[in-house]
Amino acid sequence: MKASSKSKSDPAGPSAGSAPPIAFLVANELGIIDQLMNAVGERCMAQAGLNLAQFGVLNNFVRLGGERTPVQLARAFQVTKGAMTNTLQRLHALAMVQIVDHPQDGRSKIVTITPKGRKAHGEAVAALAPDLARLTAGVGQTTLERLLPELQKLRIWLDENR
């Protein structure tokens with residue numbers, strides 16, 4: 001979905017009576033927000049020596065705990081096993097994840113986050129802090145608190161219906 005600043009009243013925008021469905025408008029806003037936040041995230045992750053894919057993997061482990069196989073992680077991030085393997089190999093080379101043979105399946109591996117990975121995650125979150133503070137000041141704490149449960153409900157539905 002392409003970012004656009006066209007408003008409903010813009011003559012180049014939708015014609016009268018043909019407004020897009022609300023689900024499209026919400027998806028469009030989420031896509032634009034994703035692009036904008038990814039730009040901020042890439043800049044901040046670089047300060048912590050990570051890219052967004054690497055941070056995403058570390059964040060998944062910090063948020064959910066436990067261990068996962070590369071296939072489980074690839075499914076969670078909706079990327080190919082090859083793409084996930086590449087990300088995991090880079091994190092492993094940086095000693096941010098540990099990769100060991102799966103005890104029950106010789107063809108698979110088990111991945112866990114290391115203390116160095118947790119530290120890098122914390123540094124990345126700290127690098128985001130000034131931008132997140134500006135976001136909170138600009139939009140308002142109350143607005144963000146009101147949005148969070150609705151966004152979580154949307155995420156859960158999308159995750160369960162992919």
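**View 1. Buried residues of helix H5 in the predicted model.** Helix H5 buries Gly-117, Ala-120, His-121, Ala-124, Ala-127, Leu-128 and Asp-131. Their cover includes helix H1 (22-47), helix H2 (52-64) and strand E2.

**View 2. The course of helix H5 and its kink.** H5 spans residues 115-139, 25 residues in total. From first C-alpha to last it reaches 34 Å, close to the 36 Å expected at 1.5 Å a residue. A kink of about 40° lies at Ala-129. Just after the helix, Gly-140 adopts a positive phi of about 105°.

**View 3. The antiparallel pair E1 and E2.** Strand E1 (residues 97-101) runs antiparallel to E2, and five bridges join them. Val-100 has Ile-110 of E2 as its bridge partner. E2 covers residues 109-113. Four of its five residues are buried, so strand E2 is largely enclosed by the rest of the structure. E2 is also part of what covers the buried residues of H5.

**View 4. The whole chain, for orientation.** The protein has six helices and two strands. From the N terminus on, their order is α-α-α-α-β-β-α-α. The C-alpha atoms fill a box of roughly 60 × 35 × 25 Å along the principal axes. The radius of gyration is 19 Å, whereas a compact globule of 162 residues would have one near 15 Å. Buried residues make up 26% of the 162. Of the contacts between residues at least 6 apart in sequence, 53% join residues at least 24 apart.

Definitions and conventions:
Residues numbered from 1 in each chain as written. Predicted model: local features only at pLDDT ≥ 70, side-chain atom pairs only at ≥ 80, totals over all residues. Heavy atoms only, no water. Buried < 20%, exposed > 50% of the residue type's maximum accessible area, 1.4 Å probe, protein only. Pairing = 2+ DSSP bridges. Expected span 1.5 Å × (residues − 1). Bend = angle between axes of the 7 residues up to and from the residue. Contact = heavy atoms within 4.5 Å. Rg over C-alpha atoms; globule rule 2.2 N^0.38 Å.
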